[in-house]
Amino acid sequence: MKVVKDISLKDYNTFKVECYTDTLLILEKESDFSKKILEKYIMNIPFIILGGGSNILFTKDFKGTIILVKNKGKKILNETDDYIDIQVSAGQDWDEFVQWCVEKELLGIHNLALIPGTVGATPIQNVGAYGIEIKDILLSVTYLNLEDWKEYVLSNIKCKFGYRDSIFKNELKEKVLIKDVTFRLYKYKGEVDSKYLEYSGIKEELEGKEITPLSIYNAIVKIRESKLPKVEEYGSCGCTFLNPQISIQEYERLLKIYPQLPKYETEIKDTVKIPAAYILEKLGWKNRRKGSVGTWIYHPLIVTNYSNASANQIYSFINDIQTDFKSNTNIDLECEINIF
């Protein structure tokens, strides 16, 4: 464990905004996840748990403790002829893990390529991309309860996964510290389920190529790099907003304004998901700039710090987008990122 006082968080958030915290507590090994280590830094003190900092906007200095989860490691718990169960430490870099799985020719995770952040953050948001969500490959989550200081293992179904949602954003919010996540991934045997190829652009990118975990991964990396900013060059948190889930009646009302508005089925009866980017582009929000902050050149959902925008400039820009979306659709555009 490392403890650093009065430190800038600019290198710990992908928006790259300058802000400070009273205490940065870095957890690196198994023994760091304990009452003895943690209690004095979070008891009656505001705290935030941070992984890769790719889902947060700090609007001011944080008067409290930032817990930075940096434990790393992988362990194969079970292996059959068909699949492997892998327990991965919460602080492991997500895309490094994805690449490791692709090298092992494992199916199920390649569609989640190039997503910034750590393994421990993925179940919180039920991270998803290109037709696959974490809930599709996750077996369980191990966490430390910060109230009774006991360790628990939560199965997939008990995580209450939804669209960019889970129990960790609701009942267990700010009450637990995720230690590791266990995934079940299937072995590639020459065939790939069509569900991995359904997202727009994947089939086109793979045309004429052998379809393997590696070729799918490479295709999605190419697609993402053509649409999204590189976090090492520009500050962003990826998609800033959630795609609204609305009733069929609301969708039919919007069709009168946007006749070609796509829709996607959801697990909720009589509810569909609509692409916010489609409407924002129609409203002129793609590649719109205001000083040092703007939306990305190719994607209106991605608010981007182009140089040295302040947190308040970014926050104000986000509010402007939400206000315009609401006034043109009468639907709230919800932030996907956490704002403090």
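Q: Why is Leu 107 called buried?
A: The model is a predicted one. In it, Leu 107 has a relative accessible area of 10%. Buried means under 20% relative accessible area, so Leu 107 is called buried.

Q: Where is Leu 107 found, and which residues is Leu 107 in contact with, leaving aside its neighbours within four places in sequence?
A: Leu 107 belongs to strand 8. Leaving aside neighbours within four places in sequence, its contacts are Leu 185, Tyr 186, Lys 187, Tyr 188, Glu 191, Val 192, Tyr 196 and Pro 213.

Q: Does Asp 6 count as buried or exposed, and what makes it so?
A: Asp 6 has a relative accessibility of 57%. Exposed means over 50%, so Asp 6 counts as exposed. Asp 6 is found in strand 1, and its phi is near 45°, a positive value in a residue other than glycine.

Q: Why is Glu 105 called partly exposed?
A: Its relative accessibility is 41%. Partly exposed covers the values between buried, under 20%, and exposed, over 50%, so Glu 105 counts as partly exposed. Glu 105 is located in the loop between helix 2 and strand 8. Phi of Glu 105 is also positive, near 60°, in a residue other than glycine.

Q: What makes strand 1 and strand 3 the edge strands of their sheet?
A: The sheet is open, with 4 strands in the order 1-2-5-3 and mixed pairing. Strand 1 (2-8) and strand 3 (47-50) each pair on one side only, and they are the edge strands. From one strand to the next, the twist averages 25°.

Q: How do you know that strand 2 and strand 5 pair, and in which sense?
A: Two strands pair if there are at least two bridges between them. Strand 2 (residues 20-27) and strand 5 (residues 62-69) have 6 bridges, in the parallel sense. By the definition, therefore, strand 2 and strand 5 pair. One of the bridge pairs joins Leu 24 to its partner Ile 66 in strand 5. Helix 1 (residues 35-42) packs on this sheet and touches strand 1, strand 2, strand 3 and strand 5, its direction making about 170° with that of strand 2.

Q: Why is one side of strand 15 and of strand 16 left without a neighbour in the sheet?
A: This open sheet of 3 strands has the order 15-17-16 and antiparallel pairing. Strand 15 (245-247) and strand 16 (264-265) stand at the edges with a single partner strand each, so one side of each has no neighbour in the sheet.

Q: How many bridges link strand 16 and strand 17?
A: There are 2 bridges between strand 16 and strand 17 (residues 271-273), in the antiparallel sense. The requirement is at least two, so strand 16 and strand 17 count as paired. Tyr 264 stands opposite Lys 273 in strand 17.

Q: What is the span of helix 5, and what span is expected?
A: Helix 5 has 15 residues and reaches 21 Å from its first C-alpha to its last, close to the 21 Å expected at 1.5 Å a residue.

Q: How do helix 2 and helix 5 pack, and which classes of residue make the contact?
A: Helix 2 (residues 94-103) and helix 5 (residues 213-227) pack at about 145°, with their axes 9 Å apart. The contact uses Asp 95, Val 98, Gln 99 and Val 102 of helix 2 together with Pro 213, Leu 214 and Tyr 217 of helix 5. By class, 5 of these residues are nonpolar, 1 is polar and 1 is charged.

Definitions and conventions:
Residues numbered from 1 in each chain as written. Predicted model: local features only at pLDDT ≥ 70, side-chain atom pairs only at ≥ 80, totals over all residues. Heavy atoms only, no water. Axes fitted to C-alpha atoms, helices over the stretch in contact; angles between N-to-C directions. Contact = heavy atoms within 4.5 Å. Nonpolar A, V, L, I, M, F, W, Y, C, P; charged D, E, K, R; others polar. Expected span 1.5 Å × (residues − 1). Buried < 20%, exposed > 50% of the residue type's maximum accessible area, 1.4 Å probe, protein only.
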